[in-house]
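Visitor: I have a model open here and would like to go through it with you. Could we start with the interior?
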Amino acid sequence: MKNKTFPTRLMLLMAVSTLAVISCSDDTTELDAETSLVPQTEVPANQDIQDAEFITKYFMGDAVQVSLEDDGTYSLAGSDARLFEDQLANSPDAYNPNPVPGEELSGLALAGGIRKWTNNTVYYVINGLSSSVKSELQKSFDEWSSKTNVVFKERTNQSNYVTISSSGSNSNSGVATLGMYNSGGYIQLGTRATAVVIIHELGHTLGYIHEQNRSDRDNHIIIKTENIQSNAQDQFYKSTSATFLTGSFDVNSIMMYGSYTFSKNGQPTITDRSGNTLPQRQARLSSLDIQGTNAAYPSTDGGGDNPAPKEEDLCDTASTYASNKAYSVGDYVLYYGRVYQRDYTRWNYIKSCN
């Protein structure tokens, strides 16, 4: 099987979401979505983000400022993305950008890291959502499942699942943990959360973070640091190690900041190279979001985009692992008689060919 040549991960970096709503007629809702970058889920309206206490950790080899939340997860200066302790490290040396298949047999595999959902299926439990938010949640499920190979199913007895609940915040906002994480993963939504917010949070659940932290972002956008809140500067850092969902920068990605994220003065924090503000956030996936997701989560039934081979054929179709080759999430390799599939930060064992 030929390995895919375009990158398949949305930026595995931490930043805060910018979630503008579709309708321009509801100014209040639009403002809430744009200002949900200081999530009201976590920070009361009368509490400044600068009150948070930050410590330095390493995420995929990059130094980041994180804040310990009450539930034991870590956020990045008010980010909507949540990381578990074992997804962070105390040293950059803990991250291996080129893992080798079979490390799980030697005990060298990364303990935490970001994991994609097995069999392209996200199992979920809903707890305490209003009927209106449930309706928006279903629209969000449909957006992902109708355009990609990912499906969402209500949990019965599965050990890996995400709990989707209300944060109690009267806002169009949300926070989410990254990737599949046993029974600990969650999405928390404001009482007025709309599909544009929820689609974004589901992207975090699939393992994706934000587009604007790409190392090549300066070729496509301008970061207006003079307009960024002082304690949010770290949200706009550039990663030296992350790989991407798309082969080119995508201002239309559902995981992209909006132009006024973390603005301290009402002026844009991000513009295009000509100084124009970015397109308003929409409740839909971009074409590159779809392309990258279908590569990271290839079809398992032989249909759809980027179909995966049938499991019984993998021993014949998977390419032999090469240490000097760059692999993307979703790629299959053959390594000492065993088939593996590339995950975000590791290789997952699929089957033995002996």
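Visitor: Which residues of H4 are buried?

Guide: This is a predicted model. In it, the buried residues of H4 are Ala195, Val196, Val197, Ile198, Ile199, His200, Glu201, Leu202, Gly203, His204 and Thr205.

Visitor: And why is H4 described as largely enclosed by the rest of the structure?

Guide: Helix H4 spans residues 195-205, and eleven of its eleven residues are buried, so the helix is largely enclosed by the rest of the structure.

Visitor: What happens to the backbone just after H4?

Guide: Gly207 takes a positive phi of about 110° there.

Visitor: Now the largest nonpolar core. Which of its residues touch the most other members?

Guide: Of its 45 residues, these are Phe59, Trp144, Phe152, Ile164, Leu206, Tyr208 and Tyr297. H4 supplies at least two residues of this core, as do, among others, helix H3 (131-147), helix H5 (287-296) and strand E5 (121-127).

Visitor: What does Phe152 touch?

Guide: Leaving aside residues up to four places away in sequence, Phe152 touches Val122, Tyr124, Phe141, Trp144 and Leu202. There is also a second, separate core of eleven residues, including Ile221, Ile223, Ile228 and Phe262.

Visitor: Changing topic: in what order do the strands of the open four-stranded sheet lie?

Guide: The order is E12-E13-E14-E15, with mixed pairing. Strand E12 (319-320) and strand E15 (347-352) are the edge strands, each pairing on one side only.

Visitor: How many bridges join E14 to E15?

Guide: Five bridges join strand E14 (residues 338-342) to E15, and the two run antiparallel. Gln341 stands opposite Asn348 in E15.

Key. Residues are numbered from 1 along each chain as its sequence is written. This is a predicted model: local features need pLDDT of at least 70, side-chain atom pairs count only at pLDDT 80 or more; totals for chains, interfaces and linings use all residues. Side-chain values use heavy atoms; hydrogens and water are left out. Two strands pair if DSSP finds at least two bridges between them. Buried means under 20% relative accessible area, exposed over 50%, partly exposed in between (1.4 Å probe, protein chains only). A nonpolar core is a set of buried Ala, Val, Leu, Ile, Met, Phe, Trp, Tyr and Cys residues joined through side-chain atoms within 4.5 Å. Contact means heavy atoms within 4.5 Å.
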